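Q: Could you walk me through this structure, beginning with the terms I need?

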Amino acid sequence: LHGPAKAAAVRALARREGLDLSRCSAYSDSANDLPLLSLVGHATAINPDTELREYARENGWEIRDFRTGRKATMIGLPIAAGAGAVAGGVAAALALRRFYRSR
């Protein structure tokens, strides 16, 4: 189930079980689940796609993004590797320069 069908299923379950959806929580990572998230009193966007993030901000929903550290790592590692390569190249060039000057 997804989209409106998921919301309808949750609504039916809540009715059958006597649940007050305004006291319930739900979470999702996709705007596809906006119908479900809009049913509950406590919606949370987890690692949200762009559309869900914007909607959550506009509606004061909690946003949890656990990808941040991974993103930083994925960006930081290549930069660090590049900086290391440049530093290594400079060190090698200086060593070669000294070597050839001493001859």
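A: Two strands pair if DSSP finds at least two bridges between them. Helices (H or I, at least four residues) and strands (E, at least two) are DSSP runs, numbered from the N terminus. The model is predicted: local features need pLDDT of at least 70, side-chain atom pairs count only at pLDDT 80 or more, and totals for chains, interfaces and linings use all residues. Residues are numbered from 1 along each chain as its sequence is written, and side-chain values use heavy atoms, with hydrogens and water left out.

Q: In what sense do S2 and S3 pair, and over how many bridges?

A: Strand S2, residues 42–46, pairs with S3 in the parallel sense, over three bridges. Within S3, Glu62 stands opposite Thr44.

Q: And how many bridges join S1 to S2?

A: Four bridges join these strands, which run parallel. Ala43 in S2 is the bridge partner of Ala26.

Q: What is the strand order in the sheet?

A: The three strands form an open sheet in the order S1-S2-S3, with parallel pairing. Strands S1 (25–28) and S3 (62–64) each have a single partner strand, so one side of each is left without a neighbour in the sheet. From one strand to the next, the twist averages 25°; angles run from 0 to 180 degrees between N-to-C directions, and axes are lines fitted to C-alpha atoms, for helices over the stretch in contact.

Q: Which helix lies across the strands?

A: Helix H3, residues 50–59, lies across S1, S2 and S3, and runs at about 145° to S3.

Q: Changing topic: what pattern does the whole chain follow?

A: Along the sequence, the pattern is α-β-α-β-α-β-α, with four helices and three strands.

Q: How much of the chain is buried?

A: Of the 103 residues in the protein chain, 22% are buried. Buried means under 20% relative accessible area, exposed over 50%, and partly exposed in between (1.4 Å probe, protein chains only).

Q: Which residues touch the most other members of the largest nonpolar core?

A: They are Leu21, Leu37, Val40, Leu52 and Trp61, in a core of 16 residues. H2 gives the largest share of this core, three residues. A nonpolar core is a set of buried Ala, Val, Leu, Ile, Met, Phe, Trp, Tyr and Cys residues joined through side-chain atoms within 4.5 Å.

Q: What is Trp61 in contact with?

A: Leaving aside neighbours within four places in sequence, Trp61 is in contact with Leu34, Leu37, Ser38, Ala43, Leu52, Tyr55 and Ala56. Contact means heavy atoms within 4.5 Å.
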